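The following exercises are meant for a reader who is meeting this structure for the first time.

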Amino acid sequence: DDVSILDIAPTILASCEVEIPSNFEGNLIPELINPNKIEYRDPLPDRGKNRSSDSEQVQERLSDLGYLE
């Protein structure tokens, strides 16, 4: 099978014995990891949903510095 760049993160996490978030798109690279020892966890909640005020502050700051017109 072909290895995708998406396979790197879950393979590294598994090799470090860290639980893999269940929403990861990549697969484990079977030549490197024993799939029987893998543990998964629920993904972390999305903390960036209500950050429009941060974005506005960044745009204002960039404008003040002359980067935006």
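Each exercise below consists of a task and a solution in steps.

The model is predicted: local features need pLDDT of at least 70, side-chain atom pairs count only at pLDDT 80 or more, and totals for chains, interfaces and linings use all residues. Residues are numbered from 1 along each chain as its sequence is written, and side-chain values use heavy atoms, with hydrogens and water left out.

**Exercise 1. Overview of the chain**

Task: Determine which pattern the chain follows along the sequence and where confidence is lowest and highest.

Solution. 
- Step 1. Two helices and two strands form the secondary structure; these are DSSP runs numbered from the N terminus, helices being H or I with at least four residues and strands being E with at least two.
- Step 2. Along the sequence, their pattern is α-β-β-α.
- Step 3. The mean pLDDT (the predictor's confidence in each residue, from 0 to 100) is 87 for the chain, and 90% of its residues reach 70 or more.
- Step 4. Confidence is lowest in helix α2 (residues 52-64), with a mean of 85, and highest in β1, at 94.

**Exercise 2. Surface and burial**

Solution. 
- Step 1. Buried means under 20% relative accessible area, exposed over 50%, and partly exposed in between (1.4 Å probe, protein chains only).

**Exercise 3. Helix α1 and Thr11**

Task: Identify the buried residues of α1 and describe the surroundings of Thr11.

Solution. 
- Step 1. Pro10, Thr11 and Ala14 are buried in α1. They lie on the same side of α1 because they cover an arc of only 100° around the axis, the arc being that of the directions from the helix axis to the C-beta atoms.
- Step 2. The cover over the buried residues of α1 includes β1 (20-21).
- Step 3. Thr11 belongs to helix α1 (residues 8-15) and has a relative accessible area of 6%, so it counts as buried.
- Step 4. The side chain of Thr11 reaches the backbone oxygen of Asp7 at 2.7 Å.
- Step 5. Neighbours within four places in sequence aside, Thr11 is in contact (heavy atoms within 4.5 Å) with Asn27, Leu28, Ile29, Leu32 and Ile33.

**Exercise 4. The nonpolar core**

Task: Name the residues of the largest nonpolar core.

Solution. 
- Step 1. A nonpolar core is a set of buried Ala, Val, Leu, Ile, Met, Phe, Trp, Tyr and Cys residues joined through side-chain atoms within 4.5 Å.
- Step 2. The largest has five residues, namely Ala14, Ile20, Leu28, Ile33 and Ile38.
- Step 3. With neighbours within four places in sequence left aside, Ile38 is in contact with Ala14, Ile20, Leu28 and Ile33.

Terms used:
Polar contact = N/O pair within 3.5 Å; in protein donor to acceptor, adjacent residues only side chain to side chain.
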